[in-house]
Amino acid sequence: MQLEKIRSKQLPKRPVVYMPVRLCEELGICVGERVDITYEDQQIYIEKACPGTTHNKRYVTETNSINIPKEIVKELGVEPYQPYSLFIDKQNNRFIISLEQCKGAG
C-alpha cells in the first residue's frame with residue numbers, strides 16, 4: 001500500500017476532517033455523496049460508499065468535509081484537538097486518517 005501524506009494538523013473540537021477538492025475528484029467522491037467510514041487500530045478509512053455495506057455512512061459536505069461518527073470517536077478514544085495526519089491511498093481509492101496518541105494517553 002503506497003500512501004501520500006496530505007497534511008498533519010489537529011482535529012477541531014468536533015471531529016471533522018476536510019479533504020482536498022482535487023483529491024476527492026480523483027477518487028470520485030463528490031459533494032453530497034455518501035462515503036463509507038471504517039476504522040482499524042488508530043486509522044479511519046474514508047471511501048466511496050458501497051450500497052450493500054453496513055459501514056458507517058456520512059455525506060460529504062459542501063466544504064468537502066465529513067464528520068467522524070460518534071461511535072468511532074468513542075471506540076478510538078478520539079479527543080478534541082487530537083493530532084492526526086491525512087493520507088490518500090490511490091491504490092485502494094480512499095483517504096486514511098491516522099490518529100496520533102494524545103500526550104495524556106498511555
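The dialogue below sets computed values against the definitions.

Modeller: This is a predicted model, in which local features need pLDDT of at least 70, side-chain atom pairs count only at pLDDT 80 or more, and totals for chains, interfaces and linings use all residues. Residues are numbered from 1 along each chain as its sequence is written, and side-chain values use heavy atoms, with hydrogens and water left out.

Biologist: Why is the contact of Glu4 with Lys90 called a salt bridge?

Modeller: The term requires a side-chain nitrogen of Lys or Arg within 4 Å of a carboxyl oxygen of Asp or Glu. For Glu4 and Lys90 the N to O distance is 3.6 Å, so the pair qualifies.

Biologist: What makes this pair a tie between separate parts?

Modeller: Glu4 belongs to strand 1 (residues 4–10) and Lys90 to the loop between strand 7 (83–89) and strand 8 (94–99), so parts 86 residues apart in sequence are tied together. Helices (H or I, at least four residues) and strands (E, at least two) are DSSP runs, numbered from the N terminus.

Biologist: How do you know whether Arg22 is buried or exposed?

Modeller: Buried means under 20% relative accessible area, exposed over 50%, and partly exposed in between (1.4 Å probe, protein chains only). Arg22 has 52% and is therefore exposed, whereas Glu26, at 42%, is partly exposed.

Biologist: What separates Glu26 and Arg22 in helix 1?

Modeller: They are 4 residues apart in helix 1 (residues 21–27), about one helical turn.
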